[in-house]
Amino acid sequence: MDYEIRCSSCGKPSASMLDFKCSMCGQPLIVKEKRKFERRQIKKKDYSLWRYSNFFPYVKEKEIISLGEGWTPLVKFSDHIHFKLESLNPTGSFKDRGSTVLISAVHTLVKEAEGNIAEDSSGNAGASIAAYAARACLKAKIYVPENISGPKLTQIRFYGADVIKVSGNRNKVAEEAQKTGKGRFYVGHILHPLFRDGIRSLAYEIAEQSNWKVPQRIYLPVSAGTLLLGVIDGFKHLANSNMIETLPKIIACQTRQASPLYHQIKKLRYTAPEKITSIADALVSTRPPLLDIMVTSLNEIGGDAVVVDEDAIYDAFKELARKGFFVEPSSAVAYAAYKKQLGQKEVAKDERVIIILTGTGLKTNFTPS
Ligand SMILES: [Zn+2]
């Protein structure tokens, strides 16, 4: 086998690509790609994530469900800063990388079982899973908190997914979505290992688009951890394959309100607020199930974490828009974190930096003041 999917805790191999947690101990699963990354294996004429299809060996070529995701622009912002425009993916966020890989891998299995898929998300992941399910002719049930509204929910509805509103907190929504039954398959983006694994492609693109001379630092927003863990996995795969000399320093950027990773990395105590009111409304995970894995992975590669305040997020959001980059406030968190580190001289002005702009501003609710 070119890959293995096993438990992150007890090591038990997973028997089915539809498993979203260990059947023995219930802990998260991880995917290990065993094949080395080689340049000649890239499909150079495919300008989507699937130019790297050889490194996703569990997806059969003829079963790929694609909307043209990936190979997003790496745009120069200043002499030393580039933006990776993940906002230009088909549904408007980086989540499409996870959805295309996950749905491509499982849609035939789900159809054979005459089943449907379930996901819990009121945001970008819900919209993305709904879109790829539609493309694959699968029925998707998206579980959301009952008070949810706005452009992302509209998007989920138009893709034709069933929206199921659940009262209670975010954990209750997840519990409902995960309930088992005949023909019900939970593909939640936070837990399903193949969703996270799809994000690996982002590291490959950054490396290839930088001509294999990776930046010194990468700033990215972190909530549940799929983006962070996927990017780290991708760069580790490249380093282990001798494609890059050193790993970039990965900076996990969080809002003050939802910053459990930052607090653990800095060995500080974190108390989650009762309600998240941040304008960075995609960053809501106060108790992410992958927190321990995130801490270990980030420490292992010598990464860092930064926390930013609301004023700084709003300023960064407005500044980006006024320079032509209309992204969602949650994406502006990474730019705000870079500016904070620059101000505190924790990053040098001439360091080569990439900031990942994760989602489009067209899904934001508020109007300019
Ligand atoms: Zn286990």
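The side chain of Thr-255 reaches the backbone nitrogen of Ala-258 at 3.0 Å, a polar contact in the sense of a pair of N or O atoms within 3.5 Å, where within protein one must be able to donate a hydrogen and the other to accept it, and where residues adjacent in sequence count only if both atoms are side-chain atoms. The model is a predicted one, in which local features need pLDDT of at least 70 and side-chain atom pairs count only at pLDDT 80 or more, whereas totals for chains, interfaces and linings use all residues. Residues are numbered from 1 along each chain as its sequence is written, and side-chain values use heavy atoms, with hydrogens and water left out.

Thr-255 belongs to strand S10 (residues 249–255); helices (H or I, at least four residues) and strands (E, at least two) are DSSP runs, numbered from the N terminus. With a relative accessible area of 0%, Thr-255 is buried, where buried means under 20% relative accessible area, exposed over 50% and partly exposed in between (1.4 Å probe, protein chains only). Apart from residues up to four places away in sequence, Thr-255 touches Ser-278, Ala-280, Leu-283, Val-307, Val-308, Ile-313 and Val-333, contact being defined as heavy atoms within 4.5 Å.

Tyr-335, in helix H11 (residues 329–343), is likewise buried, at a relative accessible area of 5%. Its side chain is joined to that of Glu-319 by a polar contact of 2.6 Å, and, when neighbours within four places in sequence are left aside, the contacts of Tyr-335 are Phe-77, Phe-83, Ala-316, Glu-319, Leu-320 and Ile-355.

In the whole structure, 18 aromatic pairs are found, the rings of Phe, Tyr and Trp (its six-membered ring) being paired if their centres lie within 6.5 Å, with planes under 30 degrees apart counted as stacked, over 60 as edge-to-face and the rest as tilted. The rings of Phe-77 and Tyr-335 form an edge-to-face pair, because their centres are 5.8 Å apart and their planes stand at 85°. Since Phe-77 lies in the loop between strand S3 (74–76) and strand S4 (81–85) and Tyr-335 in helix H11, this pair ties together parts that are 258 residues apart in sequence. Phe-83 and Phe-325 also pair edge-to-face, at 4.9 Å centre to centre and 85° between the planes; Phe-83 is in strand S4 and Phe-325 in the loop between helix H10 (310–322) and H11, 242 residues apart. Phe-83 is buried at 0% relative accessible area, and Phe-325 is buried at 14%.

The largest nonpolar core has 81 residues, of which Tyr-58, Leu-228, Phe-235, Ile-250 and Leu-261 touch the most other members; such a core is a set of buried Ala, Val, Leu, Ile, Met, Phe, Trp, Tyr and Cys residues joined through side-chain atoms within 4.5 Å. Helix H7 (residues 226–240) gives the most to this core, with seven residues.

The zinc ion is coordinated by the SG atoms of Cys-7, Cys-10, Cys-22 and Cys-25 at 2.3 to 2.4 Å, donors being N, O and S atoms within 2.8 Å of the metal (3.2 Å for Na, K and Ca), and sites may look incomplete as water is not among the atoms. Along the chain, the donors follow the spacing C-x2-C-x11-C-x2-C. Cys-10 and Cys-25 both lie in the loop between strand S1 (3–7) and strand S2 (29–33), so the pair ties together parts that are 15 residues apart in sequence. Cys-10 is partly exposed, with a relative accessible area of 40%, as is Cys-25, with 35%.
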